[in-house]
Amino acid sequence: MGSPWKPFLILSVISGLSDFARAVAARPISYAAVLRMKQDSSLSVLTPRSRPSHRHSGGLGNPGWPAFSILPPSALTLLSSQEDHRSEESLEFGPVFIQEPDDIIFSLGSGERKVMLHCEARGNPPPTYSWYINGTRVDSDTDYRYSFIDGDLIITNASEITDFGKYQCKSENSFGSILSRDALLQFAYLGAFSTKSRGAVSVREGQGVVLMCSPPPHSPEIIYSWVFNEFPSFVAEDSRRFISQDTGNLYISKVQPSDVGSYICLVKNPVTNARVLSPPTPLTLKTDGVMGEYEPKIEVHFPTSVLAAKGVTVRLECFALGNPVPTITWRKINGNIPKRVRLRKSQAVLEIPNIQQDDSGVYECKAENPRGGTAFKGHLQVYTLPQWVRMINDTQMDSGEKLQWECKAISRPRPTYRWLRNGLPLASQGRVEIMNGELSIHKVQQTDSGMYQCVAENKYGAVYSNAELKILASAPVFFQNPVRVIATLGKDAYLECKPRASPKPRITWKREDRRIQPSKRIILLRNNTLKIVNSSRADEGNYVCRAENQLGSAELTAVLWVKEAMRVVLSPSKVEVTVGESVVLSCKATHDTSLDVAFQWFFNQKPIVFQQDGNHFEYIQTVRAKQSSTVDLMIRSILLRHAGKYGCRAQTSADSVFTEAELLVRGPPGPPGVVIVEEITDHTATLSWTRGLDNHSPISTYNLQARSPFSLGWQTVKTDPDPVTGDMESAMAVELNPWVEYEFRVVASNAIGTGDPSAPSRRVRTKEAVPSVAPSNVSGGDGRRHELVISWEPVSEEFQNGEGFGYIVAFRANGTRGWKEKMVTSADSTTYKYRDETFPPLTPFEVKVGVYNNKGDGPFSQVVIIHSAEGEPREPPSDVKAYSTSSSEIRVAWKPPSPGPGKPKGYEVQFWKEAEQEESGKKQRTMKNETFMILTGLDGNSQYLITVKGFNNIGQGPACAAIKARTKKFPPAQPPVNLAWIQEGNNVSLSWDPVKAKDNESDVIGYMVLVKQEGRGYNQVTRTINPSTVLSLPEGGTYIIEVRSLSEGGEGAASSQIRLVTSSGVRAKSGQCSVHRTSLTWTALLLVLLVP
């Protein structure tokens, strides 16, 4: 079964195409203009070049002629895309640039010396291209180096002598030609320095010097640096040495002996990355004395007049010679130096990034030292390339009309204008008048058709604006015939007559073969539209418009129908709801039964977009009755922002009626107006505000809130009166903290809820007051001998109540009467130390800490008991002993000193070799209050001196007298060899050759056999004094066995490892055993059994 809207699609396409033709008949938009609109789509301002496209209005008519609006969107899109495609194929237009050539810097050092300049244009017929260099046409026939690919120009074997210059691309077709902007082709290269040796430069110490770079030929600008003595030792720039990127020279303001050497200038081309080095310039010192101090002399500076393009980075150089080394300062005469300016190279370079017009002016650099000063001034001017303010656009005109075009650009200096037609200069002559950016052509003719260009230029650049002029000539044509017009009874009817014709045709109207004469009811408007005042049924019928010019004539028949006026009722007309509720508005239209009606909903005069706000608005279509149609608007989950006027527009092809209803929304109050702090004291702030919207529910109360740097966000404050009722517009915030910066805001509430807060008030600070909060957690202790250390938690700034805040520390020995008071002036202090040689350690004191500020003294804390310091340990540890446990370890033990003040909390052991100084000794501390320590990592067979001292939080006590201990000799380095074993089941008899210690090694006192099970955590250690042992291994495993010698110096080297396998669940028979040795005669078996 076919789609139900296919029959209507065919009729709608016919009606839509007719409407389109009628819309564009008077002045069609050229395809070139459409292309230019695509190119300029990034412009935010609608210019004459970006003409809006004509679209069908979508009004509903008689069911016999359905409008486009009933078509599915996909059908409309299909029709539009097909129409655009046909337009691109059929419309003819002059050339339009897609890509114009750009400036190029070509590296002569590149492998393939081929330059390509791009040019591409769009047009119908397709355009052709030609190129010009410095105004002369490029001829590829006479010069094989030039070739073309489409619009692109390719230059083979390019050279600076023949190919440097400005290039232009010309694009043309049958409608005319246009020129591109200029593209500058430059060549990048870097020559070599002269090989001639440079003479030495000899100066006195303290004198200034300039070393000349004299760079080789190059293009474009190059980067300079200097090498000192040999590469890559570069000269570092500072306040004394400067490399000018303008001259390339090296400037040394005050020569020092360290500057003597050979200097080489290195230059780099940033395009080709080529680098070359100059011959060395030796710098030597004269021997006839030292240069005395002298005033600065500026050796390098920017020009007196500097020109810079807007948006670039400008670098101004200024450096002076002098003794002492001068300092450089900058200023802008009659203005301030821009904030974004950067001073580089010890202020010798002033750098202005992204320079703007406001940066223009006179800049001064000043060089000063104690001997005097000098200055230099230069004028910085910023120029701008022309930028379009108004451009020309494609135009189609009837012959005989007047063309008026204007283009306008801004630049500095001001631009001049010139005009081109088909790429050739256009001058005032005859019908053509040119006045700067204005072009006028009187009584245009067919020969005036073509491509025009307005060029705005100054000495820094040019911009082109292109447009096509078409002169029309055609007999009258009506693209829709007949047309049907539906009017409303009692209202004016309009019959349009808009043929496409050039020149303009003469229009006459007829009805029933009789020419219509204008009257009070029937009026012919200037645009040839026939107006019928107060139309009635008698006016129905056929009307004929005849259009005629010298090229021909055509007629249009307009059929007029007059229908009853439509009536629209929107109910309810006024409704009041509460936030969160829902409501339905019903719109009923009574209309002529032959007409379809379309509805549209509005909110505060703007159409409702249901796709964007479908969560709150729903369009409900109801069934159409005989003479009426009804639609509903549901507004659900209403918010405050939904209050306002809702409109319903009912529209037929004959009439349009609009009516509104008002929706009132009750909700929480809106934010109160501006909050003003009327009066401020130390603890209160009087606030006033203006009432906000009550949103149709009376305000019941106000809530005052405050925020300070010490609060977690906004906090409700106590008020006077309390509560603050809804009829009040001022109240007092109370119980504030003195000398705290506050912001205030007000929140209103009503029966429905609490609204949004007001904007915050300006920040205000409460007045100062005497402190009211005492320090907390007063404690103390520790310290050095004869010290009383008192500590406390500082009072937060929130409670300091004013400037000049500090602490009063009061203390007295327990049992005495008078208090000693000391002032601590820092608000951030947390401790106070009092020293008195007269009181013994651990003397108890009564202590309290108070506060004060500029307003007076505040409260004291509660009295606490704090003991004076017991001091650092007074006696060394006793009975210190040390003995060696191996060749690398010594065990040290001691007894604590006698009980008393200065009890150690730990001990420090210092040790050093006998041949070394005590100061070079290493130190180790006990983890806790331990009375022994094992010193590790020592050298074997060495004599060590050892001291022990106690320490606590106060400091260290005296050390004991140094005692001596010698580490034991090294263990034997020779491992056990010739391991032999007999395995019977799980029992293994193992033997080896005895190890004999050397003279410098500890004697062997036994052996250690280590057994490890592969893949498991089983380990077994067996010690024996003999060079043999018997091992009993668990069943079912693979075991690795090694042997080490034991001595007083520790464990010796390990033997080779052997691997044994025991069976699981199987016992070896009596007499069945295996015998093994790790000797040369068992080489094959050894390779199998030894662990790799």
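Predicted model: local features only at pLDDT ≥ 70, side-chain atom pairs only at ≥ 80, totals over all residues.
Biologist: How many bridges pair strand 61 with strand 63?
Modeller: Two. One detail there: Asp720 has Met732, in strand 63, as its bridge partner.

Biologist: New topic. How many aromatic pairs are there in the whole structure?
Modeller: A search finds 25. One of them is Phe242 with Phe319. Their ring centres are 5.2 Å apart and the planes are at 20 degrees, so the pair is stacked.

Biologist: Where do Phe242 and Phe319 lie?
Modeller: Phe242 is in strand 16 and Phe319 is in strand 23, so the pair ties together parts 77 residues apart in sequence.

Biologist: Is Phe242 buried or exposed?
Modeller: Buried, at 1% relative accessibility. Phe319 is buried too, at 4%.

Biologist: And what about Trp405 and Tyr452?
Modeller: That aromatic pair is edge-to-face, with 5.4 Å centre to centre and 65 degrees between the planes. Trp405 is in strand 30 and Tyr452 in strand 36, so the pair ties together parts 47 residues apart in sequence. Both residues are buried.

Biologist: Last one. Which residue lies over the face of Phe951?
Modeller: Arg925, at 3.8 Å from the ring centre. Lys848 lies over the face of Phe860, at 4.8 Å from the ring centre.

Definitions and conventions:
Residues numbered from 1 in each chain as written. Heavy atoms only, no water. Pairing = 2+ DSSP bridges. Helix = DSSP H or I, 4+ residues; strand = E, 2+ residues; numbered from the N terminus. Phe/Tyr/Trp six-rings, centres within 6.5 Å; stacked < 30°, edge-to-face > 60°. Buried < 20%, exposed > 50% of the residue type's maximum accessible area, 1.4 Å probe, protein only. Lys NZ or Arg CZ within 6 Å of the ring centre and 35° of its normal.
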